[in-house]
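Me: Please walk me through this structure feature by feature. Give me the general idea, then the case at hand.

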Amino acid sequence: MNVITPTPDVPTAAPAVAVRMVDISKRFGPVLANGDVNLRVLSGTVHGLVGENGAGKSTLMSVLYGFYAADSGSIEVFGKPARIRNAHEAIALGLGMVHQHFMLVDTLSAIENVMLGAEPHVLLRRADALVRARLDELMASTGLHVKLDALVGDLSVGDRQRLEILKALYRGARILILDEPTAVLTPQETEQLFAVLARLREQGTTIVLITHKLKEVMRLCDHVTVMRGGRVVHESAIAQSSIAQLAEAMVGRKVNMGRQGDAPAAVGDVVLQAQGLALRDAMKVTRLHGLDLTLRAGEIVGVAGVAGNGQSELLELLSGLRAPDAGRLQLGAESFEVGHWLDPRTARRLGLAHVPEDRHARAMVMDFAAWESAVLGYEAQPAYSRGGWMRHGRMREATAALMERFDVRPRDVSLGSAKFSGGNQQKLVLAREIGQSPRVLLVGQPTRGVDIGAIEFIHAQLRALRDAGCALLVVSSELDEILALADRVLVMNDGRITGELPINECTEARIGLLMVQEEAAA
Amino acid sequence: MSSPQALPRWADVFLMPVLNLAIAMAAAAVVVLFVGQNPREVMAVLVHGAFGTARGLSYTLYYATSFIFTGLAVAVAFHGGLFNIGAEGQATLGGLGTGLVAMWLSQRLPAPILLPLMLLGGALFGMAWAAVPAYLQAYRGSHVVITTIMFNFLASTLLVYLLVNHLKQAGGMAIESAPFGPAAHLPGMHEALAWLGIEWPSSPLNISLFLALLAAVGVYALLWHSRAGYRLRAVGSSEGAAAYAGINPKHQVIIAMGLSGALAGMVGMNEIAGVNGKLLLDFVGGAGFTGIAAAVMGRNHPFGIVMASVLFGALFQGGAEVSFEVPGFSRDMVVMLQGFIVLFSGAMAYVIAPWVSRVIQWFGRRSRTARDGDPVKLPEATHG
């Protein structure tokens, strides 16, 4: 018997229902995370579950996987009523989940990670042999290949994801739930993943794909369920829906994605020039290999690349959060070198603003009220403090004005920074930085964890800033975002810029190749 | 630190401490019952002893004064993201600083000049004693919790060494300095009130209580109204965000600990300048540790710390009264009650929060449903 399709009782003619969730409701304090949600996933299909952040997708899947108990509603798995109280019961029913943040132990080998908690024998050597035989079988049938003896810490992100899927299959998963699986992958790795998922589907595995990337839904899924505000707002077979329709269902209104207008014909003077930026981390691993970079007024330069290839370090150097081991920087009229590097205060004084990629750890103080976070970095300006005392009235007024201008919701200056949604936090941070009318703006992951509706708004604001003559450097691991925003694209891999393309020569395939290329393109 | 189910602010700030205190009292009452005493009677003696007489009240506030200083010290460090266990040692050094200034200058300077100098001496000594662990934390990566604990021991042995070998009164048997001149005496509360024509029984309570209250107001203004406080809290809440804002976290560690040590050092004004009039051993008497409890119970807010300090002062004073009045009831029982309070108000402060939250919600939902006959329409998820 093929281990992947152990559902012989399912007649092939009429598709059986793998998962049926009926009237699921779940409330967290005052927040309704799921309200009377119905989900029906047919056996042997790929089912897309899409929605913005906070739409309730993850809550719904957590209810299915036994992390949360629903307040009301019922679940059936393969036609049998199920009460799932924890992950063990979920696994026993044939459910397997691949989380967005992998649940792997870095210091153990791949095979040890698969065994962990499911060792088939008390003696590890016997267990190892048993697991290995089974995994070889699985790898051959699914095309998921992973070096079983490599430490997980040494595996690439794509390998780790394959390992997670293998782990779920090894535990007998017949229904795979994948949470934002492509967020960390290159376009090529995404292709490979989709090939594997298609093959698993052929072999009878049911797949639930949680995502907000509608293109992927259209490509791979058979059915799609769209959630908004904790409720199902749209459900259909993929053949009967379009990207525009799904986007509208997700956001609740028409959205305009993609490129708006052409790159500006002429750009201005050089405002920032970096040469030979090199950086080694505390472990003496080289993170940046002598990078050169030039920003001109009135252009958006996009930095594409798989996360973790030096983009974060580049932003930290340019914003003054870190000093390099070698290199020079010219910012406006001042120049900096090793030993005399830029610091964040000097950067702000010189008109360089920075929207950091890590909103929670850097861009805001989550314990602060909005009106306190809204002056972070500018607290010494006379508008906000005088004689060492903060001017609370002014700060609140300024925050209210920023919220109005950038449509931050709710318009409550006293609300804790942590209580805003990701998109509204990002809007407030952008408002703060753009409100300073910077000459250079560095933006890391402008729309990570941000809803579609807010993405549209944020992109428009960035373009408006460019049109006003600011030089923008946008780092994003979302290729679509780079393509929608940038006028010039730099591609980074392994601490190097492996290619530079004007926007009209960019295609996903070309950038994807540069993203994995070792040396700079000729 | 926050509870999983958010409580309304009023419940978090007022209801929870009261409930926690009630639970601690109930737990203590059970133990009192077990040893064959009547909890109600014991409680009555305790409350009367602490608040029932002018003299009892004075003692309560005298104890509270030191706790306010050390509680504020712990709170300032806490807002800077540091857990200062060393208030005891910093207070010891503060007393030493205050005492040294008094020994040196009490025959030469009048009180209005000398007393501020003694205060300054205490604050600077406390600050210096806290600055060493701060430096080690900021630039050498030694955890401040460990170093401040160690510095408590160092402070107490340093004081013994100095008193025994250098500062002891020549020819005296007791390990203490010669009495300071009268200029170094901080007026007692009864003396201060006598000037105003109010009769008040003599007690150790002195006008350093006002200094403590002033310090509480000062800490509040510093933390929530000054730029320095803004930066301090930014570092304490998120070092990454502070660095992004151009604030140097290392400097803030030194500043937070320095302020903390200075506040703890002011204990010397109460104990050395206000009460003893000479330098002696063990004058801090655990106030540094009680200050941690006061800061935890007072949620690191100056107002809360003042309230909690009065509570702990009342326990000290009322407890002494109980062990005196109730036969067979030792001081250890009072220590037990203090332990329960720290346990329920500090370590387990949020254990009952989910139930409280549910009860509040139930009441809220019932009243709203009664009003419009419809389940509450709630805002959509704001969590990103």
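Reply: Start with strand pairing: two strands pair if DSSP finds at least two bridges between them. Helices (H or I, at least four residues) and strands (E, at least two) are DSSP runs, numbered from the N terminus. Here A:His223 stands opposite A:Ala237 in strand 10 of chain A. That pair belongs to strand 9 (residues 223-228) and strand 10 of chain A, which pair in the antiparallel sense over six bridges.

Me: How are residues and chains labelled, and what kind of model is this?

Reply: Residues are numbered from 1 along each chain as its sequence is written, while chains are lettered from A and ligands numbered from 1 in the order in which they are written. This is a predicted model: local features need pLDDT of at least 70, side-chain atom pairs count only at pLDDT 80 or more, and totals for chains, interfaces and linings use all residues.

Me: How do I read pLDDT, and which elements of chain B have the lowest and highest means?

Reply: pLDDT is the predictor's confidence in each residue, from 0 to 100. Chain B has a mean of 89, with 94% of its residues at 70 or more. Among the elements of chain B, helix 8 (residues 208-225) has the highest mean, 97. Helix 16 (residues 353-372) of chain B has the lowest, 73. Two stretches of chain B fall below 50: residues 1-5 and residues 372-384. Beyond near neighbours in sequence, residues 1-5 have eight contacts in the model, and residues 372-384 have 23. A contact means that the C-beta atoms of two residues, placed from the backbone, lie within 7 Å. For the complex, the predictor gives an ipTM of 0.82 and a pTM of 0.79.

Me: Which strands sit at the edges of the sheet that holds strand 10 of chain A?

Reply: Strands of a sheet pair through backbone hydrogen bonds, either parallel or antiparallel. This sheet is open, with six strands in the order 6-7-8-3-9-10 (chain A) and mixed pairing. Its edge strands are strand 6 (95-98) and strand 10 (231-237) of chain A, each pairing on one side only. The twist averages 15° from one strand to the next. Helix 5 (residues 157-170) of chain A packs on the sheet, touching strand 6 and strand 7 (175-179) of chain A. The direction of helix 5 makes about 165° with that of strand 6 of chain A. Angles run from 0 to 180 degrees between N-to-C directions, and axes are lines fitted to C-alpha atoms, for helices over the stretch in contact.

Me: What is the strand order in the four-stranded sheet of chain A?

Reply: The order is 12-11-14-15 in an open sheet, and the pairing is antiparallel. Strand 12 (286-296) and strand 15 (334-337) of chain A are the edges. Neighbouring strands are turned by 10° against each other on average, direction ignored. Five bridges join strand 11 (residues 270-280) to strand 14 (residues 326-331) of chain A. Within that pairing, A:Ala274 has A:Leu329 as its bridge partner.

Me: Is strand 21 of chain A mostly covered or mostly open?

Reply: Count C-beta atoms, placed from the backbone: a residue is buried if 20 or more others lie within 10 Å of its own, exposed if 12 or fewer, and partly exposed in between. Strand 21 (residues 488-493) of chain A is mostly covered, with five of its six residues buried. Strand 13 (residues 300-304) of chain A runs parallel to strand 21, joined by four bridges. There, A:Val301 is partnered by A:Arg488. Strand 22 (residues 496-502) of chain A pairs with strand 21 in the antiparallel sense over six bridges. The two form a hairpin with two residues between them, and A:Asp494 in the turn has a positive phi of about 50°.

Me: Why does B:Val144 count as buried?

Reply: B:Val144 counts as buried because it has 24 C-beta neighbours inside 10 Å. This residue is in helix 6 (residues 144-167) of chain B. Leaving aside neighbours within four places in sequence, its contacts include B:Leu82, B:Phe83 and B:Pro133.

Me: How many residues of each chain meet at the interface?

Reply: 22 residues of chain B are in contact with 37 residues of chain A. Helix 9 (227-237) and helix 10 (239-244) of chain B each give two or more residues to chain B's side. Helix 9 of chain B gives the most, five.
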